[in-house]
Amino acid sequence: MSMLLRKVLEMLLRRDPTTCSDQQVLFPRGDLGELDQLPTDILFQILRLLGPKEVAKLSVICKSLRFFVSDNRLWLHFLQTHQSDPSWDSVFFAETNLTFGYPLPSLVGQRPQLSFKHIYGERAQVPGAIIIDGGSGYCKFGWSKYACPSGRSATFLVRSTTYLEFGNIESPMYTRLRHFFATIYNRMQVKPNKQPVIVSIPICHYEDTESARASRRQLKDAICASLFDLNVPAVCAVNQATLALYAAKRTSGIAVNIGFQVTSVVPIFNGKVMRKIGVEVVGLGALKVTGFLKEKMQQNNLNFQSLYTVRALKENLCYVALDYEAELLKQNTQASFQAEVDGWFTLSKERFQTAEVLFKPHLAGMQAMGLHQAIALCMEHCHSAELPGDNDWYKTVVLSGGTACLPGLAERLEKELHALLPPYMSNGIRVMPPPYGADTQWFGAKMIGNLSTFPGPWCVEKKNFRQKPRLSLIW
């Protein structure tokens, strides 16, 4: 380290001082010796090169170095480069809003003072978590220290949790969950007793009724029991809508998840699902959109062997038209894609007709609200609720799900919402595409799993699970 500092210092002292920018201000002479002659930005560059461990040691050398080593900008850099955090604002959001667990603290008009040096040290010691995002057709799993999910597999969670009745913990649901989680651990080749687990679950039992609450409690018990019987040390269960909002660095807004079979429009205020306001559900999901493209292709004598080919074409060629009628009049809308099994396909108007079913379900023979109508209805309910705090909290809409990644969807929704709602409600509306694509919820869980205070305030441990009749889990 001393050799590096000496070489950099010799190089800088040979520089022409007139080449220094205005921002490179020399420190007043203090207790740094020859380093007092270095401009501020150069000293920071040296500290960045040394790395977090060596920089931490420098804080005991002298008072001036202790001042620089404590600078938040330096440790934000280390958080991004040494701990695989996506961006400094994601770290800032998580450590500001999620540190204390659920319920989230009210931070209106105040922000806690953060020491990112302390946060870096705490996050470096956090064991991380196994994240199992039980998504609507596919499950994404991986360790929270990874840059992205390490694997995917088909999942039964939506069909089993949404449409089946649950009995006691010893019911077939418990058995299926235990087998499912054991399979994930086997694929990851990790032992369940090593790290806490974060489970992301699709929104189910939407109503704010006693029977729906009982069904959600039974599902929580089944999930926790199956994981604790695998010797998992702690469990954190969070619904997908909330995780999508966190991934977008928001704690309040409307989360719209285009799932495998249904689309849910979920109002969330300060991290809590506002079931009393109402969760809107449209009986149209990714499967129906893919099926509609399949019908269009069959009508045009485009042959394929597998529905996976149709899904690949949807994901790679389809888009949402900002003006559907104007798009129909365009002469050239063709594009081609080579499917893995069936070879090359060329689509034309099917490219934008496919996603139009989200706005006009009757095109697919369905009697249901369009997606924009469901969101507008949810916004009207949110506005009427008059919750304390920010009156515009519901004007941020975060999309999630693979089908929500279709280009142009966010822009089209904004246009339709402005047309449906009065100005006092539509002004300021922002529709955000999935921040991390189809893996958005997984990245929301990653924020929690890498918190400096994890697992403490977010998890329930086995010893507490049996003692509490109602778990403090987030649904």
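**Entry 1**

Is Phe78 buried or exposed? I looked this up first, keeping in mind that the model is predicted. Phe78 comes out at 0% relative accessibility, so I wrote it down as buried. I then checked Trp75, which has 3% relative accessibility and therefore counts as buried too.

**Entry 1: counting ring pairs**

Next I wanted to know how many aromatic pairs a search of the whole structure finds. The count is 14. Trp75 and Phe78 form one of these, and I noted it as edge-to-face. Their ring centres are 5.1 Å apart, with 75 degrees between the planes. Since edge-to-face needs an angle over 60 degrees, I can see why the pair gets that label.

Which residue joins Trp75 and Phe78 in a cluster? I found Tyr120, linked with them through ring pairs.

**Entry 2: a pair across the chain**

Phe93 has 7%, so it counts as buried. Tyr246 has a relative accessible area of 0%, so it is buried as well.

Together, Phe93 and Tyr246 form an aromatic pair that is tilted, with 6.5 Å centre to centre and 55 degrees between the planes. The pair links distant parts of the chain, as its two residues are 153 residues apart. I placed Phe93 in helix 6 (residues 88-97) and Tyr246 in helix 11 (residues 240-247).

**Entry 3: a charge over a ring**

What sits over the ring of Phe359? I found the charged end of Arg412 there, 4.2 Å from the ring centre.

**Entry 4: looking for disulfides**

My last search was for disulfides. A disulfide is a covalent bond between the sulfur atoms of two cysteines. I counted zero of them.

I looked at Cys224 to see how far away its nearest cysteine sulfur is. Cys224 has 0% relative accessibility, so I noted it as buried.

For Cys382, the nearest cysteine sulfur is that of Cys378, at 4.1 Å.

How values were computed
Residues numbered from 1 in each chain as written. Predicted model: local features only at pLDDT ≥ 70, side-chain atom pairs only at ≥ 80, totals over all residues. Heavy atoms only, no water. Phe/Tyr/Trp six-rings, centres within 6.5 Å; stacked < 30°, edge-to-face > 60°. Buried < 20%, exposed > 50% of the residue type's maximum accessible area, 1.4 Å probe, protein only. Helix = DSSP H or I, 4+ residues; strand = E, 2+ residues; numbered from the N terminus. Lys NZ or Arg CZ within 6 Å of the ring centre and 35° of its normal. Disulfide = S-S within 2.5 Å.
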